[in-house]
Amino acid sequence: MSEKFVVGFDGSEAAKGALAFAIDRAKALGGSVVIAHVLEWSPYSFLTPTELEERHKRRKEELDRAETALMKPVVAGLADSGVTIETAIKYGNIAEQLGEIAKEAGASQIVIGRNGHSGLGSRVFGSVAGSLAQIAPVATTIVP
């Protein structure tokens with residue numbers, strides 16, 4: 001059975017390192033990679049219908065922008081990698097959505113880059129790595 005890796009990708013240097021790691025592992029194991037980008041979106045429940053309509057319009061624009069500016073270039077750059085690449089773009093809590101993407105894709109591992117927030121920042125705002133350690137449905141690798 002070949003391995004499938006879900007990579008949390010935001011275009012940062014840490015994410016690029018995680019993607020390179022996952023590509024190398026997929027090559028070695030005859031696997032594939034799902035490049036996943038999650039747009040955080042807070043669930044405001046007190047908006048007017050007009051505000052909700054505008055919010056949904058902005059959401060679609062952000063999804064389109066993520067596909068065009070982030071995902072297409074990275075996938076094009078991996079065309080000669082010899083690894084099957086898929087993409088996923090979702091809204092929501094990053095750790096929760098990466099877990100859902102891994103489940104939906106039948107992945108065996110989630111790979112993320114360490115973003116370098118200070119210990120205090122991670123404690124105050126939380127960290128994707130810490131959350132994934134708690135809730136991921138599959139093994140998670142954090143690439144420094």
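Of the 144 residues of the chain, 33% count as buried. The model is predicted. The accessible surface of the chain comes to about 8500 Å². Carbon and sulfur atoms hold 52% of that surface.

**Layout**

The chain has 5 helices and 5 strands. From the N terminus on, the elements run β-α-β-α-β-α-β-α-α-β. Contacts reach across the sequence: among those with a separation of 6 or more, 76% join residues 24 or more positions apart.

**Strand 4 and its partners**

Strand 4 covers residues 109-113. Of its 5 residues, 4 are buried, so strand 4 is largely enclosed by the rest of the structure. Strand 4 pairs with strand 1 and runs parallel to it. Strand 4 also runs parallel to strand 5. The table lists the bridges for each pair.

| Strand pair | Direction | Bridges |
|---|---|---|
| Strand 1 and strand 4 | parallel | 3 bridges |
| Strand 4 and strand 5 | parallel | 5 bridges |

Single residues show the pairing. Val6 stands opposite Ile110 in strand 4. Gly113 has Val143 in strand 5 as its bridge partner.

Which residues does Val111 touch, leaving out those up to four places away in sequence? They are Phe5, Val6, Val7, Gly8, Ala18, Phe21, Ala22, Thr141 and Val143.

**Helix 1**

Helix 1 spans residues 13-29, 17 residues in total. From first C-alpha to last, helix 1 reaches 24 Å, close to the 24 Å expected at 1.5 Å a residue. Gly30 follows helix 1, and its phi is positive, near 65 degrees.

The buried residues of helix 1 are Ala14, Ala15, Ala18, Leu19, Ala22, Ile23 and Ala26. An α-helix has 3.6 residues a turn, so residues three or four places apart point the same way. What do the buried residues of helix 1 pack against? Their partners are strand 1 (4-8), strand 2 (32-39), helix 2 (49-77), strand 3 (84-91), strand 4 (109-113) and strand 5 (139-143).

The largest nonpolar core has 18 residues. Val7, Phe9, Leu19, Val33, Ile35 and Val111 have the most contacts inside it. Strand 1, helix 1, strand 2 and helix 2 each supply at least two residues of this core. Helix 1 gives the largest share, 6 residues. A second core of 13 residues is separate, and includes Val38, Ala88, Ile101 and Ile112.

**Two residues up close**

His37 lies in strand 2. Is His37 buried or exposed? His37 counts as buried because its relative accessibility is 10%, and the cut-off for buried is under 20%. Beyond residues up to four places away in sequence, His37 touches Phe9, Asp10, Ala66, Leu70, Met71, Ala88, Ile89 and Lys90.

Val128 sits in helix 5, residues 128-135. Val128 is partly exposed, with a relative accessible area of 28%. How many residues separate Val128 from Ala95 in sequence? They are 33 residues apart in sequence, yet 5.4 Å apart in space, C-alpha to C-alpha. Leaving aside neighbours within four places in sequence, Val128 is in contact with Ile94, Ala95, Leu98 and Ile112.

Methods. Residues numbered from 1 in each chain as written. Predicted model: local features only at pLDDT ≥ 70, side-chain atom pairs only at ≥ 80, totals over all residues. Heavy atoms only, no water. Expected span 1.5 Å × (residues − 1). Buried < 20%, exposed > 50% of the residue type's maximum accessible area, 1.4 Å probe, protein only. Contact = heavy atoms within 4.5 Å. Core = buried A, V, L, I, M, F, W, Y, C linked by side-chain atoms within 4.5 Å. Areas by Shrake-Rupley, 256 points an atom, 1.4 Å probe, with all protein chains shown as cover. Pairing = 2+ DSSP bridges.
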